[in-house]
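Here is my note on this chain, point by point. Please keep the structure open while you read.

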Amino acid sequence: MAKRVYEAWKGSNKFLFGGRLIFGPDARSLLVTLLLIIVPVTIFCIFVARHLRHEFSPDDSGYAILVVAIVFTIYVLVLLFLTSARDPGIIPRNLHPPEDEFRYDNSVSNEIGGRQTPSLQFPRNKEVMVNGLPVKVKYCDTCMLYRPPRCSHCSICNNCVERFDHHCPWVGQCIGLRNYRYFFLFVFSSTLLCIYVFALSALYIKILMHNHTGTVWKAMKESPASVILMAYCFISLWFVGGLTGFHLYLISTNQTTYENFRYRADNRINVYNRGCLNNFLEVFFTKVKPSRNNFRAFVQDEVQKPPPLPSPRDAEPDDLVGDPRSKVEDDLEIGEDLLKISQRRNFEEIDEDIRSRGIDEDVRSRGIDEDVRRGIDEDLRRGIDEDLRRGIDEDIRSRGSNGPPHNTSEVDSVLSSDHRAPTIRSETRHSSWGRRSGSWEIAPEVLANANVTESRSYVTPKDARQ
């Protein structure tokens, strides 16, 4: 059965209700946050707001204190839920790296089986234009994508999040593009709730002092819950109140917490700042973008594409160092092709040289027996093969072989393998047998004892194998 996206999710998130709700991996800390909100409000409603119902005229107006406390607490919890249980702006991962960014680096190569190959590299940074100014974006190896501007990879959730602000452990979720508005409203509402509870608890202490004409200490003994709530709200205000003020500053300058802490000392220009009013409008009155992920959709199997082969620009042949043995085999195959051409060319040159000297007609007129022909043919081959060995070795070196120098035995194996390369079959050969070294003049005693007619035919590779 095909899995749904949330079941095959590679991040560290936790899902509830079939992928309808998404939380961070530290979602248990959300229970602590709930207790820190619900418990004080419950104590306030029971020990403070209940006694204030009849302290205001008309008599029933005191119920409004209790109602406001309950409704406002529900509102804070809803904002907490919207912050913690929704996609903060996760960018889906790629199944394979972006193909248009492949680059083969020959300077850093991996040796595989003794052969060096160019390693696949990606530019670590790219520049994009934001409001007419260049901004660098980084490549994420985990998600295999270039992060959009203001995007960062959360190490706790293991996801790339758009307009990443920070990962908040109190809500158990990343704060990003899609939930930053609700996060700020949650912090701001929590601040107002703390002020509300603190103020009414202090008011109840004052009422007790007035009714019993006593001192503050007697009033505090009369309602210890009010004292505890005042102390708790005072401490909480330092946190949520300070956080509210800090984020008001960030919104007015269009920064994120991540950008403020990381680039504070760089004194770089904030390309996202559009002015205080426009920055507030962007955060609170811009439509929230839909999620890029459909967690309840079925996973579509996609075949991962292999990386493309390096082009000649990416990997030059001279830069690739091959296995010496395989390179020798390749070079010897090249030598076979050279042998075919060189044999044909050399014999044609010899034939033309003999004819130009008039020896051909002289030999035909006097004749040479069959054994003499074979001796002449072998002598010719020895002289030509020696030149071919040198020519093949020089040609292999010129083609860029990085293998070790070829032994003479390896070249001899090519030259002696008549079944691998087309050879020249001749019924009558001209040779240096019976002549002086370095000269084409044949001794008179040889010419006097032989009459020969010459025929020469070149054999195709197919005939040579037969």
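1. Start with a term. "Buried" means under 20% relative accessible area, "exposed" means over 50%, and "partly exposed" is in between, with a 1.4 Å probe and protein chains only. Glu-162 counts as buried because its relative accessibility is 13%. Its place is in the loop between strand S9 (159-161) and strand S10 (166-168). Helices (H or I, at least four residues) and strands (E, at least two) are DSSP runs, numbered from the N terminus. Leaving aside neighbours within four places in sequence, Glu-162 is in contact (heavy atoms within 4.5 Å) with Pro-88, Gly-89, Ile-91, Arg-150, Cys-151, Gly-176, Leu-177 and Arg-292.

2. Know what you are looking at. This is a predicted model, where local features need pLDDT of at least 70 and side-chain atom pairs count only at pLDDT 80 or more, while totals for chains, interfaces and linings use all residues. Residues are numbered from 1 along each chain as its sequence is written, and side-chain values use heavy atoms, with hydrogens and water left out.

3. Now the whole chain. Its secondary structure comes to 13 helices and 13 strands. Of its 466 residues, 39% count as buried. Take the contacts between residues at least 6 apart in sequence: 70% of them join residues at least 24 apart.

4. Next, a helix pair. Helix H1 (residues 29-49) and helix H5 (residues 224-253) pack at an angle of about 145°. Their axes are 10 Å apart. Axes are lines fitted to C-alpha atoms, for helices over the stretch in contact, and angles run from 0 to 180 degrees between N-to-C directions. On the H1 side, the residues are Leu-36, Pro-40, Ile-43, Phe-44, Phe-47 and Val-48. They meet Ala-225, Ser-226, Leu-229 and Tyr-232 in H5. By class, this contact has nine nonpolar, one polar and no charged residues. Here Ala, Val, Leu, Ile, Met, Phe, Trp, Tyr, Cys and Pro count as nonpolar, Asp, Glu, Lys and Arg as charged, and the others, Gly among them, as polar.

5. Why does Phe-44 count as buried? Because its relative accessibility is 0%. Phe-44 and Ala-225 are 181 residues apart in sequence, yet 7.7 Å apart in space, C-alpha to C-alpha. Beyond four places in sequence, the contacts of Phe-44 include Ile-65, Tyr-196, Leu-200 and Leu-229.

6. Which residues have the most contacts inside the largest nonpolar core? They are Phe-44 and Phe-186, in a core of 41 residues. Such a core is a set of buried Ala, Val, Leu, Ile, Met, Phe, Trp, Tyr and Cys residues joined through side-chain atoms within 4.5 Å. Helix H3 (180-211) is one of the elements that each supply at least two residues. H3 gives the most, with 14 residues.

7. Thr-244 lies in H5 and counts as buried because its relative accessibility is 5%. Among its contacts are Phe-184 and Thr-191.

8. Finally, check two backbone angles. Most residues other than glycine have a negative phi. Asn-131 has a positive phi of about 55° although it is not a glycine. Asn-131 sits in the loop between strand S5 (125-130) and strand S6 (133-140), and is exposed, with a relative accessible area of 60%. Met-144 has a positive phi of about 55° too, and is found in the loop between S6 and strand S7 (145-146).
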